[in-house]
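The sequence and structure are shown below.

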Amino acid sequence: MQVPPTVSRLTLFLAYAFHLIVPLIVEVGFRPPYMGEGGDFPTYYYALRQALLGGSPYDLQALQRLSPWSVAPFLYPPPFLLSMLWTLPLSPRAGLVGMFVLNEVLLLGVLGLMRKHLGLSRGGMALLLVTFFPLWDNLLWYQVNLVLLLPVVVALFWARRRPLGAGALVGAAAVMKVLPGALALYWLLRREWRPLASVAASVLGLTLLSLPLMGPIQQWSYYTGTLLGVAGGRIHDMGIRVSISSEYNHSVLGVFSHVWPGPSPIAPSGLAVAATGLFIVFLLAAWALRVHRGCPPEFGMASMLGIISIASTYAWEHYLVLLLPAVVLAARGSAPRWLLGTLYALTVFPLGVLLFVYGRLPGQPSPLALTPWIAGGKMVGAAGISLLCVWFAKAPDSASAPALEPKGLGSPQAL
């Protein structure tokens, strides 16, 4: 995947304008009904208010009574609610606008940090803005992936010189959406105990900070009930009745459910579950082998972030936003450019655009027959980019070394 090292500021501005104007047009006049009004934002907005009223934000019926908009089950850890405190003085509509603006500010922050510290060129920024279509889904669903991605990106370039700070940021991301906690596996495998202690301290501190919103009994109920249910794949009991083989689900289990359908749309087959387990074990083993042999922490952790983007029961299009650091670092590594470009094209295929356009063209055949292949391509692309990121990792060059590691680049740990 050849990317021009630099482009003009005008080109970069036009790329950002393209990224922004399409979701704005969809939001104003063409929002698909299945997205609901406000996407996932009403769930966040009213979960906080339900907690402040003394109720449980995990009670879907209570949320539905509170919200005039459609809401989904709230499945995030209790400290997540701290990230929504800024919505307290806002009406639902004003909060929706605020979430849209916040996501754009966070995106610019993530891209700026990756440009300064992870080797993203200005040309790479333009390419991502124009072609990384999951960013559109993240905007239109009013999702929080960028809220947790920003501290994770900081943790990536702090991991070398400020491991305690990096651990604290990984812990903060973990109490936002649980899965980023898997980044701590890098330090566990490398037996680096100080950042692991920092992760634990961050999780504990933010949990204590969220006690005024949710008491200890409610928090305990989440970790022993809701979280275990999500981890065990029992999320259909919590109100999510979407087919595992939905055209928008590119998780490993979702893809294998196309190959071996289950007894019902929400129940995977035993073969699909077994194949999913074997594939994820393969990904983790390949990742662990490279990390054990030694690779820079930013590559190892970005790779894990990509793996977890496809590991849960459902992995929607906006989950792929978590793959951004792995894409940037894989491009900086020594992976074959043709292979990286192919995997990138599979990952960012604009499925939403395809379905949107076909839905408005009379007499056109349905593209749904292609969606299992598209979902499979996205899963393979995300998995492949994650492995390329870690297996073709390179130590920082002299140009980026001061921002990543002020000394010790010649040591075995840096190779």
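Leaving aside its neighbours within four places in sequence, with which residues is Trp-187 in contact?

## Basis of the model

The model is predicted, so local features need pLDDT of at least 70 and side-chain atom pairs count only at pLDDT 80 or more, while totals for chains, interfaces and linings use all residues. Residues are numbered from 1 along each chain as its sequence is written, and side-chain values use heavy atoms, with hydrogens and water left out.

## Nonpolar cores

Beyond four places in sequence, Trp-187 is in contact (heavy atoms within 4.5 Å) with Ala-159, Pro-163, Ala-166, Gly-167, Val-170, Glu-192, Pro-195, Leu-196, Val-199 and Met-301. A nonpolar core is a set of buried Ala, Val, Leu, Ile, Met, Phe, Trp, Tyr and Cys residues joined through side-chain atoms within 4.5 Å; buried means under 20% relative accessible area, exposed over 50% and partly exposed in between (1.4 Å probe, protein chains only).

The largest core has 116 residues, of which Phe-80, Leu-81, Met-114, Leu-128, Leu-149 and Trp-187 touch the most other members. The most residues, 10, come from helix α7 (residues 145–158), helices being DSSP runs of H or I, at least four residues, numbered from the N terminus. A second, separate core of five residues includes Tyr-248, Leu-351, Leu-355 and Ile-374.

## Val-130

Val-130, in helix α5 (residues 122–131), is partly exposed, at 32% relative accessible area. Outside its sequence neighbours within four places, Val-130 is in contact with Ala-15 and Phe-18. Its C-alpha atom is separated by 9.1 Å from that of Ala-17, 113 residues apart along the chain.

Note on methods
Helix = DSSP H or I, 4+ residues; strand = E, 2+ residues; numbered from the N terminus.
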